[in-house]
There are 2 protein chains.
Amino acid sequence: MKLFTFPTAPSPQRVHIFLLEKGVQIPFEFVDLQAKAQLSEAYRKINPRCTVPALVLEDGTVISEVISICHYLESTYPEIPLMGSNAKERALISEWDHRTELESLLAIADALRNKSDAFQGRALPGALDVEQIPELVPRGIARINGFFEILNEQLGDNQYVAGSAFSMADITAFVSVNFSRWVKVQAPEELIHLHRWHRDISRRPSVAEHRKLCNG
Amino acid sequence: MKLFTFPTAPSPQRVHIFLLEKGVQIPFEFVDLQAKAQLSEAYRKINPRCTVPALVLEDGTVISEVISICHYLESTYPEIPLMGSNAKERALISEWDHRTELESLLAIADALRNKSDAFQGRALPGALDVEQIPELVPRGIARINGFFEILNEQLGDNQYVAGSAFSMADITAFVSVNFSRWVKVQAPEELIHLHRWHRDISRRPSVAEHRKLCNG
């Protein structure tokens with residue numbers, strides 16, 4: 001098994017922190033997104049979607065959605081469960097992970113990719129050429145702020161995003177709060193539960209280890 | 001446990017066919033989307049996101065993402081597995097289900113909700129007021145067509161969407177191919193693998209049962 005990755009980008013970050021929380025090491029290879037290596041002929045042969053991360057299994061099967069890579073890793077290394085141990089936990093972790101991806105990560109990506117010159121013709125990730133739509137920038141910003149209020153409310157009632165235990169939902173939400181700085185959105189100070197939780201997660205060894213990986 | 005639903009809409013459809021494939025019956029209550037009942041005060045108290053489906057558990061917990069409802073049902077009624085029985089199956093079913101949601105269902109929703117007068121101010125589902133962006137209509141149509149080509153290629157190599165067994169990935173893709181007709185997109189005849197598979201799925205008893213439910 002081998003992970004194709006670029007550890008500073010938000011989607012690969014979710015997988016790296018997931019692996020570090022489990023204490024699992026797998027071989028990986030960097031795909032330099034800044035040099036657009038994900039669009040190269042060589043990488044297209046590995047993952048025709050031209051996205052990272054991509055997990056290549058021993059038999060050549062490629063898994064390229066973060067949630068699906070994490071399902072594979074959770075089944076293969078079940079010891080420290082991050083996706084729940086019973087029906088209700090699994091549902092709630094999936095609920096918050098999925099909502100965070102749709103309502104926050106995709107909204108941030110909209111605000112970033114429809115504005116920056118670096119993403120001209122590439123307003124969506126992947127192989128398809130997609131022109132920018134500037135109206136998606138304010139829509140994205142409004143959605144991020146709306147989601148942060150919901151997240152704050154949830155964290156007022158719960159220590160972690162999906163309840164009383166750390167889970168994949170925390171990883172996705174943490175990555176999303178950090179990613180929002182790329183579009184100059186910061187959660188307002190009055191969202192005190194969100195900030196309490198963000199400080200807690202920042203102190204986890206997995207986050208420090210991931211930072212080291214990014215700094216090479 | 002109780003499911004709040006509107007069986008003709010694409011998201012609830014995924015849950016109904018999932019339940020019918022498992023042979024499981026749970027109590028449900030209709031939320032009339034045509035009358036905008038999902039925005040009523042009464043429904044807001046049940047699901048503040050104002051979306052259907054929503055599964056309310058015995059202890060009052062609300063699960064409102066389709067994938068998360070299905071995780072709950074799969075854990076509770078594991079007998080006919082629809083989300084995989086080992087690491088690789090789970091990952092591949094998740095991969096295709098998730099891709100279909102992001103690349104097809106959301107693209108169709110973009111093409112529908114940013115055009116029709118019925119969705120003015122409600123270009124995204126849920127409680128937030130979101131204005132329409134007409135440029136999302138052609139972007140959505142292009143993405144749907146791109147995804148159907150990918151799905152056709154996948155079905156040229158596999159009997160079902162995620163491999164040799166029927167799974168949740170087939171349900172989501174089937175719902176998505178039917179939903180695309182709402183924006184007048186039909187997969188071209190030359191996508192023969194997609195059409196072969198669509199005919200196969202159409203003949204499943206779960207699909208006939210779901211149709212009966214829609215026709216009251």
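**Note on a predicted two-chain model**

1. Glu135(A) counts as partly exposed, because it has 16 C-beta neighbours inside 10 Å; here a residue is called buried if 20 or more other C-beta atoms lie within 10 Å of its own, exposed if 12 or fewer do, and partly exposed in between, with the C-beta atoms placed from the backbone. Glu135(A) has its place in the loop between helix 4 (87-113) and helix 5 (136-157) of chain A, where helices (H or I, at least four residues) and strands (E, at least two) are DSSP runs numbered from the N terminus. Although Glu135(A) and Ala111(A) are 24 residues apart along the chain, their C-alpha atoms are separated by 9.0 Å.

2. A word on the basis of this note: the model is predicted, and local features need pLDDT of at least 70, side-chain atom pairs count only at pLDDT 80 or more, and totals for chains, interfaces and linings use all residues. Residues are numbered from 1 along each chain as its sequence is written, while chains are lettered from A and ligands numbered from 1 in the order in which they are written.

3. How do the two chains relate to each other?

4. The contact between the chains takes 27 residues from chain B and 27 residues from chain A, two residues being in contact if their C-beta atoms, placed from the backbone, lie within 7 Å. On the side of chain B that touches chain A, the elements giving two or more residues are helix 3 (66-76), helix 4 (87-113) and helix 5 (136-157) of chain B, and the largest share, eight residues, comes from helix 4 of chain B. By class, this side of chain B has 10 nonpolar, 10 polar and seven charged residues; Ala, Val, Leu, Ile, Met, Phe, Trp, Tyr, Cys and Pro count as nonpolar, Asp, Glu, Lys and Arg as charged, and the others, Gly among them, as polar.

5. Leu57(B) is found in the loop between strand 3 (54-56) and strand 4 (62-63) of chain B. Not counting residues up to four places away in sequence, Leu57(B) touches Lys88(A) and Met1(B), and with 16 C-beta neighbours inside 10 Å Leu57(B) counts as partly exposed.

6. In chain A, four strands form an open sheet in the order 2-1-3-4, and the pairing is mixed; the edge strands, each of which pairs on one side only, are strand 2 (28-30) and strand 4 (62-63) of chain A. Two strands are said to pair if DSSP finds at least two bridges between them. Strand 1 (residues 2-5) and strand 3 (residues 54-56) of chain A pair in the antiparallel sense over three bridges, with Lys2(A) opposite Val56(A) and Ala54(A) as the bridge partner of Phe4(A). Strand 1 and strand 2 of chain A, by contrast, pair in the parallel sense over three bridges, and here Phe30(A) is the bridge partner of Thr5(A).

7. Which elements make a β-α-β unit in chain A? Strand 1, helix 1 and strand 2 of chain A make such a unit, and it is right-handed: with the strands pointing away from the viewer, the path from the first strand over the helix to the second runs clockwise. In chain B, a right-handed β-α-β unit is made by strand 1, helix 1 (residues 10-22) and strand 2 of that chain, and strands 1 and 2 of chain B pair in the parallel sense over three bridges.

8. Helix 3 (residues 66-76) of chain A is mostly covered, since nine of its 11 residues are buried, including Cys70(A) and Leu73(A). Its buried residues pack against helix 1 (10-22), strand 3, strand 4, helix 4 and helix 6 (168-179) of chain A, together with helix 4 of chain B.

9. Of the 106 residues in the largest nonpolar core, Phe18(A), Cys70(A), Phe18(B) and Cys70(B) touch the most other members; such a core is a set of buried Ala, Val, Leu, Ile, Met, Phe, Trp, Tyr and Cys residues joined through C-beta atoms within 7 Å. Leaving aside neighbours within four places in sequence, Phe18(A) is in contact with Cys70(A), Leu73(A), Leu82(A), Met168(A) and Ile171(A).
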